[in-house]
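Please read the following walk-through alongside the coordinates.

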Amino acid sequence: MKTIGFIGLGHMGGPMAHNLLKAGFELRVFDLVKDAVSAAEKAGATACSSALEAAHGVDAVVTMLPASEHSEAVYLGENGLLNQLSERPLLIDCSTIAPETSRRIAAEASKKGFAMLDAPVSGGTAGATAGTLTFIIGGAPQDLEKAQPILSAMGKNLFHAGDHGAGQAAKICNNMLLAVHMIGTAEALQLGVNLGLDPKVLSDIMLKSSGRNWSLELYNPYPGVMENAPAGREYEGGFAVNLMNKDLGLALEAAIQSRSSTPMGGLAKSLYQAHSKQGSGLLDFSSIQKLFADKT
Ligand code: NAD
């Protein structure tokens, strides 16, 4: 596995592709945004003008796309890889999409003789840049073994969750919990500020107390507390509210299908939906802090 077609060079895909180049892989890249392709080209990748062209003559294809419909278009579309590609590279979809869509794409891939993995990630843009992502993988163990050198160049932890779609199922459970503790963290910080506490002091206290969680530790949503978090740059970049909203939608659909009770996930979806409707859809998801801000 030396040559990789990389499709989707956004907030996550851009730095992930960069780490593959640093590890010595040859990359053929494509994104709908020309600037993203140019940046990867400057770093040493070969620029391509379509997903199909990027997937041509490679050992593996990695996709890092926003949502189910984008993965469907790239893999299942009329000009998509499964219908047009004459070679049979290993396919690795790192996008977070519906488990059901992931299973459907993998089944179609298998019919056409492709091996495929779903490998959504956790760790955010900081993890993508540092090459410390967690990959949550669904598919056959022998395909995971082949993908291992590629995934290890972009991440630190590889988990095999089960068969096709299992990576996506585990990922949406994780993100539902992430949304819940991000909202809880924002709510607690605002309460503290309203009670006259310094948010930095309160954060330090909760980090050594039972309220400790990932949002507080690595992604503090209150501006001024953590220099490198999106809150320190007016919530630019990072993981968009609209993408979190999408993941919560996937979790709720899965909850309906599996007859699961997810009241906190439902409330989180409702709050992120309201936040998006107020014009914050492209901001980082920690901007949910604004929903609690005292505007009087
Ligand atoms: P993004 O919107 O920044 O990037 C997606 C990229 O895909 C864009 O550059 C877009 O132009 C490109 N794209 C869309 N359709 C395409 C097509 N048909 N062909 C080629 N390129 C196409 O999103 P992101 O933040 O990088 O997230 C990507 C995926 O990773 C999402 O599924 C998201 O849920 C997941 N994720 C994001 C984060 C995060 O912190 N941002 C963390 C974990 C998982």
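**Domain, ligand site and aromatic pairs**

Across residues 3-162 the chain is 42% helix and 24% strand, with the end C-alpha atoms 27 Å apart. Helices (H or I, at least four residues) and strands (E, at least two) are DSSP runs, numbered from the N terminus. An unreviewed UniProt entry annotates this range, 3-162, as "domain: 6-phosphogluconate dehydrogenase NADP-binding". UniProt positions are given in the numbering used here, feature names are shortened, and annotations may be inferred rather than shown by experiment.

The model is predicted: local features need pLDDT of at least 70, side-chain atom pairs count only at pLDDT 80 or more, and totals for chains, interfaces and linings use all residues. Residues are numbered from 1 along each chain as its sequence is written, and side-chain values use heavy atoms, with hydrogens and water left out.

Which residues are closest to the ligand? They are H11, M12, D31, P66 and K246, out of 25 residues that surround the ligand; a residue counts as near if one of its heavy atoms lies within 4 Å. Polar contacts are pairs of N or O atoms within 3.5 Å; within protein, one must be able to donate a hydrogen and the other to accept it, and residues adjacent in sequence count only if both atoms are side-chain atoms. For D31, a polar side-chain atom lies 2.6 Å from a ligand oxygen atom. The backbone takes part at M12, where a polar backbone atom is 2.9 Å from an oxygen atom of the ligand, and at L65, where a backbone N or O atom lies 3.0 Å from an oxygen atom of the ligand.

Helix α1 (residues 13-22) contains N19. N19 has 6% relative accessibility and counts as buried (buried is under 20% relative accessible area, exposed over 50%, partly exposed in between, with a 1.4 Å probe and protein chains only). Apart from its neighbours within four places in sequence, N19 is in contact with A128, T129, A130, G131 and A153, where contact means heavy atoms within 4.5 Å.

Next come the aromatic side chains. A pair of aromatic rings is described by the distance of the centres and the angle of the planes. Rings of Phe, Tyr and Trp (its six-membered ring) pair if their centres lie within 6.5 Å; planes under 30 degrees apart count as stacked, over 60 as edge-to-face and the rest as tilted. The structure holds three aromatic pairs. One of them joins W214 and Y219: the centres are 5.2 Å apart and the planes are at 25°, so the pair is stacked. W214 is partly exposed at 31% relative accessibility, while Y219 is buried at 9%. The rings of F239 and F285 have centres 5.5 Å apart and planes at 65°, so this pair is edge-to-face. F239 lies in the loop between α11 (214-218) and α12 (241-257), and F285 in the loop between α13 (263-280) and α14 (289-292), so the pair ties together parts that are 46 residues apart in sequence. Both F239 and F285 are buried. Ring pairs link W214, Y219, F239 and F285 into a cluster.

Two backbone angles remain. Y235, in the loop between α11 and α12, has a positive phi of about 65° although it is not a glycine. R259, in the loop between α12 and α13, likewise is not a glycine and has a positive phi of about 55°. Y235 is buried, with a relative accessible area of 5%, whereas R259 is exposed at 79% relative accessibility.
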